[in-house]
Amino acid sequence: MVDLSLLNSAQRQAVEWIDGPVLILAGAGTGKTRVITYRVAHLLDRGIPAGHILGVTFTNKAAREMRQRVQQLAPRSPRRRAPEAGPDLVISTFHSLGARILRQHIERLGYKRNFAIFDEADQLGIVRQLLSQVSLGTDKADPAEVRAMISRWKSAGEGARPSPDESLLAELAHRLQGRYEAALRACNAVDYDDLIGLPLRLLRDEPDVLAACRDRFRYVMVDEYQDTSASQFELVHLIAREHRNLCVVGDDDQSIYAWRGADLRNLLDLERHYPEVRIVRLEQNYRSTRPILEAANALIRHNLRRRPKKLWSEIGAGVPIVARAFESDEAEAAAAAENIECDRLVRGIPWSDQAVLFRTNGQARPLEAAFRKAGIRYRLVGGQSFFDRREIRDALAYLRMLLHPQDDNSLLRIANVPARGLSEATLQRLLTSSQERRCSVFEVLQHPELIAGLPSAARGALAQFGQWIAATRAPLFDCPSLALQPWAESFLDQIQFFAEVRRQEKNPETADHRIRNLRDLLAMLDDPGRSPGAPAARLAGFLEDLALDRDRFEDREDAGNLATLITLHSVKGLEFPHVQIVGIEDGLLPHAHACEAGALDEERRLLYVGITRAMRTLQLSYCKTRKRYGQPVPRHPSPFLQELPPEALTWEDPRAARPVPAAQRRGLFAMMRAKVNQPADPPL
């Protein structure tokens with residue numbers, strides 16, 4: 001029996017209402033994850049089979065955490081031989097759910113079952129190829145912008161296209177969209193948007209597939225519902241519409257992703273689709289002190305189109321929020337670093353309890369410089385991913401190409417890495433020939449004699465490359481006991497890939513680091529936790545896991561004693577004892593582009609999210625000047641600062657609070673470090 005006595009009255013109500021549609025309005029820090037996991041455990045306790053329960057969220061980390069907590073709450077039942085929360089229970093992301101449906105039924109859409117999933121970098125590669133074939137005159141189109149436009153239209157659902165006021169670039173992107181889709185299909189690949197769009201097509205057009213999903217998933221829960229797109233809503237609605245046991249959990253005050261397709265109307269207008277929906281408000285906050293919540297409540301009340309809620313807490317009065325103005329962004333960054341060091345040296349607060357939040361990536365530069373100067377170790381969330389490093393992307397392209405030779409994008413990426421005597425002109429002829437014949441590049445590669453006007457040396461190099469591909473991939477299908485790690489290391493060594501990485505680097509230490517990255521990647525191939533099977537199936541599983549759950553490979557639970565620098569868009573779902581939000585200026589927060597687009601409410605929600613990350617102390621600041629292209633530009637405080645309650649804020653003049661000159665302050669820090677015997681660690 002699941003013990004519900006640890007829940008407050010609203011949480012318990014949300015857990016016990018299991019029949020019919022339920023909307024749980026979960027304010028920041030109100031125990032949302034606890035409610036979801038207790039609700040799943042309660043369903044199991046009521047005798048609902050685990051296989052009939054579907055939980056959907058947005059990040060793999062959240063899905064894993066929920067699954068683990070459910071398993072702790074729902075141990076083995078005396079009525080069942082297996083754990084109640086066994087493998088039949090599906091708690092996944094939207095994209096993993098879509099991939100699950102496609103693995104069973106994608107052949108009905110004309111794809112092979114062993115399709116590849118292209119990540120953002122792969123998609124950009126296709127867009128770059130398409131743009132290289134289009135004449136734009138003197139203008140150069142940004143492939144990332146084109147890809148983002150195509151993604152936005154696909155996420156919005158069938159029939160989406162540029163609005164009349166959109167740019168010529170949008171018109172170009174719309175013209176290229178069909179060719180982009182054709183390029184994906186030629187590679188037997190799908191992108192992230194297809195992981196929603198293609199399952200939707202199956203559910204709409206294949207009644208037996210829809211019936212099977214409805215029969216399987218009779219109790220559906222959706223986390224972070226305010227972030228769902230039109231396509232994601234339809235996917236859930238199709239599955240849940242008949243049995244109507246739909247529970248959605250979200251907070252319209254934390255909807256900050258409209259720019260990537262989130263549609264807040266899904267939450268605000270839920271009664272249109274489920275008139276009988278019952279609404280539970282979770283308002284007791286377990287994270288923050290009273291001044292922080294008073295500021296958050298006062299700010300968000302200025303958004304008129306929202307479901308009313310008011311956060312409150314029993315934690316205590318806490319300390320007022322400190323608001324500060326600085327002459328420049330360098331002064332603001334230096335003060336942020338000094339605050340953290342003073343807290344560490346005087347109050348014993350570790351760096352890991354500290355976070356500095358900002359609106360745009362460009363604001364990180366002065367902060368990083370100040371942190372390095374102060375000797376503060378930090379992590380910059382949103383920095384270069386392990387899997388975005390050149391050597392890793394090249395190695396992964398080899399693995400994908402050997403598993404799926406029809407993947408033109410991967411094949412062309414590595415065709416001349418290391419150099420094989422294949423010029424850009426040769427590769428362009430190869431691609432053009434494949435387009436003329438409407439086949440994959442690999443098929444043309446097997447018959448290079450069909451490529452007109454190709455020099456004999458180039459034809460020989462292509463033939464040799466095609467033979468190497470065939471010979472190297474054969475063990476994946478012919479040797480059931482093949483170990484993937486030594487196989488991959490062997491062929492990379494054979495083609496002198498490691499030597500090429502070393503050749504590219506003048507610094508031996510940097511080269512060694514890149515080689516270690518490669519060996520770390522290869523060590524993941526034979527993970528004992530992955531299901532056994534044929535080598536090709538194991539490699540396909542690894543590549544799919546990587547595409548859908550990259551953070552599982554990158555995440556480091558023990559990040560060490562590091563302060564955090566992070567954007568406001570990336571910080572949702574996190575919390576820190578001590579938070580500083582910098583750059584609260586008109587034109588930055590709210591951002592000028594957002595104001596032009598009429599997205600002032602979302603910008604206010606963005607600051608609300610930042611404020612509600614703080615547990616014990618919160619500092620807000622703005623600059624009177626900020627450098628742009630190396631020149632100081634006058635700045636003005638954000639109008640949002642005027643919306644905060646005066647009684648919750650203490651305005652502090654940094655010059656009065658820090659009267660000691662910088663040189664003397666550094667000497668003071670040195671004396672304090674010596675006194676507490678805590679030498680400064682070097683930055684990462």
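Visitor: On what numbering and confidence limits do the descriptions rest?
Guide: Residues are numbered from 1 along each chain as its sequence is written, and side-chain values use heavy atoms, with hydrogens and water left out. Because the model is predicted, local features need pLDDT of at least 70 and side-chain atom pairs count only at pLDDT 80 or more, while totals for chains, interfaces and linings use all residues.

Visitor: Which residue in E6 is the bridge partner of valine 56?
Guide: Strand E2 (residues 53-57) and strand E6 (residues 219-222) pair in the parallel sense over four bridges. In E6, the partner of valine 56 is valine 222.

Visitor: How many of the residues of strand E12 are buried?
Guide: Buried means under 20% relative accessible area, with exposed over 50% and partly exposed in between (1.4 Å probe, protein chains only). Ala563, Leu565 and Thr567 point one way from E12, whereas Thr564 and Ile566 point the other way, and all are buried. For strand E12 (residues 563-567), which is mostly covered, the count is therefore five of five.

Visitor: Which residue in E12 is the bridge partner of arginine 379?
Guide: E12 runs parallel to strand E10 (residues 354-358), to which four bridges join it, and it also pairs in the parallel sense with strand E11 (residues 378-380) over three bridges. Within E12, leucine 357 has isoleucine 566 as its bridge partner, and the partner of arginine 379 is threonine 564.

Visitor: Is helix H5 roughly parallel or oblique to helix H7?
Guide: Axes are lines fitted to C-alpha atoms, for helices over the stretch in contact (heavy atoms within 4.5 Å), and angles run from 0 to 180 degrees between N-to-C directions. H5 (residues 120-132) and H7 (residues 168-186) pack at an angle of about 120°, with their axes 10 Å apart. Angles under 35 degrees count as roughly parallel, over 145 as roughly antiparallel, 65 to 115 as roughly perpendicular and the rest as oblique, so H5 is, relative to H7, oblique.

Methods: Pairing = 2+ DSSP bridges. Helix = DSSP H or I, 4+ residues; strand = E, 2+ residues; numbered from the N terminus.
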